[in-house]
Amino acid sequence: MLRRLVTTSTTCTRKTTRNAIRRLTLSRTPSWAATGRRVLPDQTKTPDIRLETVVILGSLAKGSEDQVKSLVDANVVTYIFNAFLMDDEPKFTEACLRCICTILQFPFSDYSVVFSDAAIIRKLIKTIEESISNSICAMSILSYSCRTIAHQNTLWEEGIGFILANLLNTELDDLSIATLKCFARVCQDNPMISAALEETEYNGKTMPEMLDSMRGGDRPTSMRLAASKCITCLYRAGALGVNDSKVMFGALPTLVRLCQNDQKWEHRVEAAEILAVLIEDDAELQSLASISNHLLQTLAEFVNYPAHPLGEYGGTYGEHRSKEMKQAAFKVFASLGANDEEIRKRIIETDNLIDHIVLGLKDPSPKVQLAAVRCLHSLSRSVQQLRTTFQDHSVWKPLMTLLEGASDEILSVTSSTLCNLLLEFSPSKEPILESGAIELFCSLTKRDDHSLRLNGIWALMNMAFQAEQKIKSQILSTLGTDQIFNLLSDSHINILMKTLGLLRNLLSTKPHIDYIMNLCGGDIIQAVMMILEGDNLPEVKEQALCILANIADGDIAKDYIMRNNEILKKIQEYMTNCNAKLQAAAIFCVSNLVWKEDSGAADRQAKLKEMGIFKLLQQLITTSDSLLFDKVKTALTQFSDS
């Protein structure tokens, strides 16, 4: 009877289906997501049912976060895109775009679907010409999903540059904002596309000129932010210079202005985060920003923003807002303090900021933790702050705690900060060592992430500098010679250089040199030979020769060189190298070997004379290089009959 009733009238069928779907939507979201997956690919369903299905999915996407997760878990976006490719009916196309656009706003969405098929990109671009609604949705979808250089290049090949120029000329604010967001994604960290966009003209105006006009005070705040972000992306990609008025006197003051407390909190957060990126690498921009519109005090307001304000924004939402503002402020402080000691001092003196940063390290939100530790990393470049503020607040303690179970990203920045705290003049060095830092940083040298390996060996190098013998011994025994060889073979030159730096620091002061060489002298000599014989840069080989010079300064350690004819011949070879620094380092080795005040000097001098090294020094004394001349002269004066 029910089946007969449903089929008697098309109108009745549509209404009954629609009502059933709506009830299912409200009561069983996962089941509805599965139903949508079955309905959309089914070409036997009527256009109205398929349209209604997408509309209901779009309504569901505007519901709770759990509802959207159900849609994402069911891979609904893929099914909608497949239907979108097969059906050109205008209303259906618009419904698909609206639904997809809504889902992709959530960070847990699968953005890769958009670029999984070139046909999707082509049809999205085609729909831009069909209506304003489609244009806004298509540009938003592209901006959400464009995440890699490959994505950017794909869009560029499909003519996105002309489309961006065309749409930026519209007087429709929503479309302009969507276009600006897509513009930023397309050129972000892409020098080639950024340079091309910078040169693009439309109606007699270049793209940067168009962007600059869109960040003016008469425009909506969202547009001003988006335009400033585009200028920031062009600048960071090298398409605009730091002294370009659109950067220094356009985007920068606009972003500082939009951080002020007369703006909505979400706009203030976005402005601060864009500003942090804009000024991150340039001291001049950092200096200008620090004195612009009371920025430091404004950021202090961010940090002090209450987690539970009274009124409509209390509770969980208020806490979320507080975290977002703290995170944004820490990012800007980190960028501001990257280079200038005076700016760092002013930051530290801003409303007990260090207390807020330390609290940020303990925040349950990984994003707040990361922003806080980046801020500390920037401030830790200050010798004065390491000796005062960092010590007074025992900053090393929460940093060490933060390393336990941290993500690689947090681990990388935290370990970088601790590297600074392990410098010889830092009062925090000793308590960090006592807390098990050697084992921790030795373990980092074995990680797959090269930045973690670098931080691990860098920290060990700092620990070993002017350290007690027991610390050096512990570093060497914990790291092991096998791992030292692994690090000396690392493909990243910075890791190689820091490993050589560690060996230099371990092999300093005569008693320590003899002790370390007695432990593993053969392995160290082998490692040095590996560097000197390998295809390494001059600065790398110079470090290896300096290690030999340190070994030659020991009392007993000298024998490891004197008994090894291969290493002596290698030193002799580098005495005539075309690189003056390598020559100087090799001659320094000779000086230490033949130092006449050391026991057994006469025998060592005789052997080096027999090898022709003394004669070679006599020939080199005619050099015009002042540094090399001094080294040669010092070495010659050590020979007893010179």
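Modeller: In this predicted model, the contact between helices α31 and α33 is built from K472, I475, L476 and L479 on the α31 side and L502, N505 and L506 on the α33 side. By class, the residues of this contact are 5 nonpolar, 1 polar and 1 charged. Helix α31 covers residues 469-479 and helix α33 covers residues 493-506. Their axes come within 10 Å of each other and cross at roughly 140 degrees. Angles over 145 degrees would count as roughly antiparallel, and the α31 and α33 pair is therefore classed as oblique. The handedness of the crossing of α31 and α33 is left-handed.

Next, the buried side chain. N455 belongs to helix α30, which spans residues 450-464. Its relative accessible area is 5%. The limit for a buried residue is under 20%, so N455 counts as buried. Leaving aside residues up to four places away in sequence, N455 touches S412, S415, S416, C419 and F441. With S412 there is also a polar contact: the side chain of N455 reaches the backbone oxygen of S412 at 2.8 Å. The C-alpha atoms of N455 and I495 are 8.5 Å apart in space, while the two residues are 40 apart in sequence.

Last, the backbone angles. Two asparagines can be taken in turn, N293 and N352. N293 is not a glycine, yet its phi is positive, at about 50 degrees. N293 sits in the loop that joins α18 (283-290) to α19 (295-303). The relative accessible area of N293 is 37%.

N352 has a relative accessible area of 56%. Exposed means over 50%, so N352 is exposed.

Definitions and conventions. Residues are numbered from 1 along each chain as its sequence is written. This is a predicted model: local features need pLDDT of at least 70, side-chain atom pairs count only at pLDDT 80 or more; totals for chains, interfaces and linings use all residues. Side-chain values use heavy atoms; hydrogens and water are left out. Axes are lines fitted to C-alpha atoms, for helices over the stretch in contact, and angles run from 0 to 180 degrees between N-to-C directions. Helices (H or I, at least four residues) and strands (E, at least two) are DSSP runs, numbered from the N terminus. Angles under 35 degrees count as roughly parallel, over 145 as roughly antiparallel, 65 to 115 as roughly perpendicular and the rest as oblique. A crossing is left-handed if the near helix is turned anticlockwise from the far one by less than a right angle, and right-handed if clockwise. Contact means heavy atoms within 4.5 Å. Ala, Val, Leu, Ile, Met, Phe, Trp, Tyr, Cys and Pro count as nonpolar, Asp, Glu, Lys and Arg as charged, and the others, Gly among them, as polar. Buried means under 20% relative accessible area, exposed over 50%, partly exposed in between (1.4 Å probe, protein chains only). A polar contact is a pair of N or O atoms within 3.5 Å; within protein, one must be able to donate a hydrogen and the other to accept it, and residues adjacent in sequence count only if both atoms are side-chain atoms.
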